[in-house]
Amino acid sequence: MALRFSRYNASWMKLNIVALVLILCTMAASAQSPMEKQLFDLVNRERAKAGRSTLEWNDDLAKAALKHSQLLAAHQELSHQFADESSLQERVGVTGARFNSVAENVAEAPDVLTAHNGLMHSPGHRENILNSDYNAIGISIVQRGQELYITQDFAHVLANYTEKQFQDALVISFNKTRRANRLQPVDVVSDARLRKAACAHDMDTEKMIKGVSGVARLLVFTMSGPGPLSDDMRKAAADRTIQKMSIGVCLQTGGSNGFSKFWVVAAFYRAAERDSNE
């Protein structure tokens, strides 16, 4: 009887080793097999006992897991990246999933319950299963002979926002902060030049300031989705001299690291500077 495990974990700002695998017959990743459903339910039962939120089944993660389980079965060994195989982040990213952290467990075992119990008694794999940062999972099990090769892909999946939806939410949050400081909302203009800089991941703010006349302050930053303003954005929102903001937003999905995020370039104008350019 074989019983082996491996673990992989990654997030946007950090990269740690962590992983798991099992194997069943090859099926469409979007339709759970009975064994995949069994393992999915076991994972969520453990999370419920630990007071964690339930993981949602995610077809994109399941598709990525299926391709990897097929390789596990073909090689009859556990690995998180075989020769000529993309990294976990890229494998998940190409499915169209949007996420800012991802992890993988892989295991080989004769049955689902043996695999699950082994994973739960392994600190690293247990950490992935119970990690409160994740909200979604995809599982694939491929069977070869008497062995199951299992892949569990975990992720913190992000809501799908368009660039405009993200920008609108950011502007609303910015002006809400203005009102909390008893200041008038700023005028906001979408700027194609700033969006081009955002898409190029251009961090040279000094160069951009020279290229856009009248700019009092310029910020470049990334966010995975609408949320609390950064310290610099809150400072700009509290500046009573700021009267106008030009903004460019560019969504990056997939790429070399697979993580999705919005790049933002925001230029701020003071009243006198804005008026001199009108």
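Me: What makes K37 and D41 a salt bridge?
Reply: Keep in mind that this is a predicted model. The closest N and O atoms of K37 and D41 are 2.6 Å apart, and the cut-off is within 4 Å, so the pair counts.

Me: And where do K37 and D41 sit in helix 1 relative to each other?
Reply: They're four residues apart in helix 1 (residues 34-49), which puts about one helical turn between them.

Me: Why is K37 called partly exposed?
Reply: K37 has a relative accessible area of 37%. Buried needs under 20% and exposed needs over 50%, so K37 lands in between. D41, with 29%, gets the label partly exposed too.

Me: How do you know that R91 and E104 form a salt bridge?
Reply: Their closest N and O atoms are 2.8 Å apart, and within 4 Å is what's asked for, so they pass. R91 lies in helix 3 (residues 88-93) and E104 in strand 4 (residues 99-109), so this pair ties together parts that are 13 residues apart in sequence. Both R91 and E104 are buried.

Me: What makes E85, R91 and E104 a network?
Reply: R91 bridges to E104, and R91 also forms a salt bridge with E85, closest N and O atoms 3.4 Å apart. That links E85, R91 and E104 through salt bridges.

Terms used:
Residues numbered from 1 in each chain as written. Predicted model: local features only at pLDDT ≥ 70, side-chain atom pairs only at ≥ 80, totals over all residues. Heavy atoms only, no water. Salt bridge = Lys/Arg side-chain N within 4 Å of Asp/Glu carboxyl O. Helix = DSSP H or I, 4+ residues; strand = E, 2+ residues; numbered from the N terminus. Buried < 20%, exposed > 50% of the residue type's maximum accessible area, 1.4 Å probe, protein only.
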